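Biologist: I am new to this structure. Please take one part, the open sheet and the packing that goes with the fold, and walk me through it closely.

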Amino acid sequence: MGVRRAGRYMSLRLGELLVKEKVISATQLEEALGHQKRHGGRLGSALVKLRFCSEDEVASFLSRQYGVPALNLKDFEIDRNVLKLVSREVAEHNQVIPLSRNGTSVTLAMTDPSELAVVQTIEFSTGLKVIPVVATESQVLDTIGKFYYDGVEEGKLTELMDEIESEEPGAVEVQDTESDLDLEDLERAAEEAPVVRLVNAILFDAVRRGASDIHIEPYEKEFRVRYRIDGILQEIMSPPIRLRDAVTSRIKIMAKLDISEKRLPQDGRIMLKMTREGRKRVLDLRVSILPTLFGEKIVMRLLDKENLRLDMTKLGFEPESLAKFQDAIHKPYGMVLVTGPTGSGKTNTLYSSVAQLNTPDVNIMTAEDPVEFQLPGINQVHMKEQIGLNFAAALRSFLRQDPNIILVGEIRDFETAEIAVKAALTGHLVLSTLHTNDAPSTISRLMNMGVEPFLVATSVHLICAQRLVRRICSQCVQLQEVPLRELLDIGYSAEEAKQVNISKGAGCSTCNGTGYKGRVGLYEVMAVDDAIRELVLVGASAIELKKKAIERGMITLRRSGLMKAAQGMTTLEEVLRETVL
């Protein structure tokens with residue numbers, strides 16, 4: 001009871017000081033205290049969540065009030081050995097992290113330096129004098145996540161494995177899809193219980209965090225695991241390097257690959273049956289193994305059907321862009337191209353298109369490398385280059401299968417482009433992808449492949465370029481002040497720059513301190529109308545095509561990003577990272 005009263009007193013004390021300094025109003029303090037009572041946590045966190053002040057304002061105020069320095073932890077070099085002084089549980093519970101040690105004292109980053117009980121506890125447990133410094137809550141949590149989960153101590157891996165197994169007993173189970181399993185290999189792998197548990201923990205933790213890819217990388221003195229979450233790689237853990245070969249062999253066995261072959265790249269697939277929050281899910285993992293200088297690097301792509309959005313209205317299209325796209329895919333013939341780099345969501349857009357067109361009176365054929373998701377009612381063909389089944393060969397065969405709609409995974413060469421164009425001109429709707437930077441440059445790319453301008457002009461009906469940017473976390477979103485000059489420089493008009501409200505994520509436990517949760521698409525949709533067609537026929541450049549398309553109402557990738565930033569969906573940093581003016 002005494003601890004609760006003390007915590008409440010500190011909150012009141014901090015709140016009263018913030019009101020006195022006119023950082024917040026008395027009404028805002030009452031509302032924040034009510035929020036804190038209902039949801040728990042610190043008062044500063046409640047004030048930030050309610051957007052009454054920013055994290056930086058709270059940290060700056062605490063720094064002035066208690067006469068301790070405020071640090072930006074992103075710029076601070078942390079001594080990994082010092083982390084052993086404070087356990088992860090204590091660091092997370094009290095929102096503190098030890099930064100460095102100097103003789104008999106330790107510098108401790110804290111979100112609230114007024115918490116004397118925390119200082120005394122750490123001084124007692126370490127036998128060192130604590131020198132407090134202030135840091136924002138998101139930075140402290142982010143640093144804890146980065147340094148305490150990357151294998152500073154081997155015991156952390158055991159904790160993670162125990163935590164997962166206690167949360168969901170038997171959570172990960174390899175789904176047997178073939179009858180000719182090598183039982184000796186499986187028995188030998190099962191004997192190495194720590195390795196099996198570690199691999200299961202890595203897979204389960206990746207699903208729990210919403211990762212799209214798992215990278216397992218061997219180096220000379222380090223063995224690290226990274227997850228790609230919302231398009232950004234994050235270092236998660238560093239298992240002991242002695243487990244490197246055992247972990248690689250375990251994954252190879254699961255993917256039914258040759259464990260004796262260590263010199264050549266290998267590709268495989270793992271089907272997992274996973275229990276998550278009481279529900280059973282089947283996950284498909286594409287496994288790629290590549291020999292490197294210090295061992296084999298493994299990348300596993302998680303293909304989770306539950307993350308596949310087949311509703312086009314929820315992908316992020318602007319209404320006018322979506323109307324153009326849907327008009328093009330509902331035409332009886334012609335070509336619709338989706339362009340963008342790897343991992344920009346092209347497959348999702350194409351799957352959403354064919355899912356919308358999939359009716360009993362339509363024959364849809366797809367050629368994919370590989371087939372990422374199985375769609376009922378659609379004839380999907382997996383490419384096998386080693387036996388001569390490539391996109392061009394599949395397309396030729398499709399034309400003898402009485403198709404209405406053909407989806408080609410990617411146009412990579414002249415042969416595939418030529419057959420796709422001819423199919424589009426002979427009464428078929430062809431959907432495909434290309435790797436280009438924007439919609440107008442796709443026309444030039446096709447012509448560079450050797451397709452005649454008049455064929456491009458008559459066959460291509462629409463080109464959609466896209467990118468994926470991270471969404472701002474809805475739990476810690478807050479307004480951000482951006483100078484007018486900066487808004488004008490990145491593409492807002494003078495009128496828009498005066499009115500636009502830009503947001504960012506402060507960082508919280510929901511988004512692991514990143515300020516982002518989930519992703520949304522940016523779309524540039526160029527309909528090939530008569531005006532654009534005339535320019536294509538006379539060999540106009542991509543710049544001329546872009547200028548004409550904008551005149552005809554095309555929303556560029558940058559414009560799409562600026563509109564989403566103005567709506568509070570993403571940040572300007574994300575828009576600048578993925579688009580150009």
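Modeller: Strand β12 (residues 364–368) and strand β14 (residues 405–408) pair in the parallel sense, over four bridges. Two strands pair if DSSP finds at least two bridges between them. Helices (H or I, at least four residues) and strands (E, at least two) are DSSP runs, numbered from the N terminus.

A word on the source. This is a predicted model: local features need pLDDT of at least 70, side-chain atom pairs count only at pLDDT 80 or more, and totals for chains, interfaces and linings use all residues. Residues are numbered from 1 along each chain as its sequence is written, and side-chain values use heavy atoms, with hydrogens and water left out.

Now the whole sheet. Seven strands form an open sheet, ordered β13-β12-β14-β15-β11-β16-β19, with mixed pairing. Its edge strands are β13 (379–382) and β19 (516–527), and each pairs on one side only.

Next, the packing. The largest nonpolar core has 42 residues. Such a core is a set of buried Ala, Val, Leu, Ile, Met, Phe, Trp, Tyr and Cys residues joined through side-chain atoms within 4.5 Å. Buried means under 20% relative accessible area (1.4 Å probe, protein chains only). M335, L337, I411, V460 and M526 have the most contacts inside this core. Helix α15 (residues 414–425) gives the largest share, six residues. Leaving aside neighbours within four places in sequence, I411 is in contact (heavy atoms within 4.5 Å) with residues including M335, L337, A420 and M449.

Key. Buried < 20%, exposed > 50% of the residue type's maximum accessible area, 1.4 Å probe, protein only.
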